[in-house]
Amino acid sequence: MRPAPAPRPSRAGAMALGSLIMSHAPQAPGRSGPQPTGPQAPGPPPASPLPAQIDELWDRRGELGQGDTGARSVVTAAVDALDSGAARVAAVDASTGQVVVDERAKRAILLSFRLLPMVRSVVGGFHHHDRIPLKTRLDGVRVVPGAIARWGAYIAPGAVLMPSFTNIGAYVDSGTMVDTWATVGSCAQIGRNVHLSGGAGIGGVLEPPNAVPVVVEDDAFVGSRCMVVEGARVRRGAKLGSGTILAATTHVIDVETGDELPRGEAPAWSVCVGGTRARRFAGGEFGMPCVLVLKRLPAGSQHDKLALNEILRQHGVGA
């Protein structure tokens with residue numbers, strides 16, 4: 001059973017976070033609310049729409065248990081806000097381009113694991129035993145049988161969930177398809193009009209609370225069996241060829257110039273594939289994994305599967 005519905009945050013609270021969000025992407029650390037990662041942006045951090053009580057409960061989390069009904073009510077309301085989209089774990093600050101995380105939102109999720117009891121439930125012939133129930137807010141979302149989304153994940157109207165898994169704290173924006181057997185890990189932030197192809201794995205980043213989650217921005221394409229993990233970032237309009245693995249420490253190389261680009265990021269409006277780079281060690285020379293940027297696309301270009309296939313074929317890579 002789903003925890004009892006809790007009141008949603010005020011409209012003002014939701015607007016405070018909304019002002020932070022870059023048209024569609026995801027939010028980073030701070031005890032009193034979201035804080036930017038990397039170089040500090042000028043001015044004070046935006047306020048979290050979630051109550052400061054979350055921080056107070058976090059500071060004494062070792063004392064809490066399932067009998068603390070007051071604490072459970074506060075935490076349930078916070079996760080309910082994530083479930084409805086009134087709050088979110090992370091977003092891109094439009095003024096700095098930095099991903100910022102609402103640490104308070106992550107704390108609420110972690111506290112829910114301590115405060116919510118294990119509950120048995122049945123869906124058709126499937127029996128479950130868990131603390132986190134399935135999501136029930138699915139207005140305007142196409143959910144194909146076999147798709148699983150947990151409470152605390154936001155799925156925007158217009159999204160499509162094929163048989164797949166979306167974990168707590170995730171954010172999936174409108175027009176996005178989570179294709180068959182794809183996974184959207186805890187707190188991952190997926191933008192608008194994204195295609196997560198069959199079997200793609202978007203990693204979860206829940207702990208520590210200030211850790212930046214995986215961000216896949218608007219209009220991106222993540223090919224079949226790709227893995228995007230450890231807080232890596234797929235910038236707007238980027239296309240990842242099948243089987244590409246992108247982690248936070250992955251070297252990214254432009255094949256036209258040989259330049260090394262920021263690690264762990266697929267550049268905006270680019271076509272990328274997995275590759276190797278030669279590295280010499282005491283025991284010999286070995287190929288280490290990297291991501292190769294094959295081509296730059298015109299900003300704002302629509303995804304054309306045939307054109308993408310042609311680019312990958314030119315480089316000897318199957319789409």
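User: Where is the place of tryptophan 269?
Analyst: Tryptophan 269 is in the loop between strand E25 (265–266) and strand E26. Helices (H or I, at least four residues) and strands (E, at least two) are DSSP runs, numbered from the N terminus.

User: Anything I should know about the model before we go on?
Analyst: This is a predicted model, where local features need pLDDT of at least 70 and side-chain atom pairs count only at pLDDT 80 or more, while totals for chains, interfaces and linings use all residues. Residues are numbered from 1 along each chain as its sequence is written, and side-chain values use heavy atoms, with hydrogens and water left out.

User: OK, back to tryptophan 269. Buried or exposed?
Analyst: Tryptophan 269 is buried, with a relative accessible area of 11%. Buried means under 20% relative accessible area, exposed means over 50%, and partly exposed is in between (1.4 Å probe, protein chains only). Tryptophan 269 also has a positive phi of about 50 degrees, although it is not a glycine.

User: Pick a helix. How does the span of H3 work out?
Analyst: The expected span is 1.5 Å times one less than the number of residues. For the 16 residues of H3 (69–84) that should give 22 Å, and the end C-alpha atoms are 22 Å apart, so the two agree.

User: How many of its residues are buried, and what covers them?
Analyst: In H3, 12 of the 16 residues are buried. Their cover includes helix H2 (53–59), helix H4 (103–115) and strand E8 (154–155); cover here goes by contact, meaning heavy atoms within 4.5 Å.

User: Now strands. How do E26 and E27 pair?
Analyst: Strand E26 (270–281) and E27 pair in the antiparallel sense over 12 bridges, where pairing needs at least two bridges found by DSSP between the strands. A hairpin of two residues joins E26 to E27, and phenylalanine 281 stands opposite glycine 284. On the parallel side of things, four bridges join strand E23 (251–254) to E27 (284–296).

User: What about the open sheet, what order does it have?
Analyst: The six strands go E7-E10-E13-E16-E19-E22, with parallel pairing. Strand E7 (148–149) and strand E22 (245–246) are the edges, each pairing on one side only.

User: Last one: which residues have the most contacts inside the largest nonpolar core?
Analyst: Leu196, Val216, Val228 and Val234, in a core of 34 residues. A nonpolar core is a set of buried Ala, Val, Leu, Ile, Met, Phe, Trp, Tyr and Cys residues joined through side-chain atoms within 4.5 Å. A second, separate core has 32 residues, including Val74, Val75, Leu110 and Leu206.
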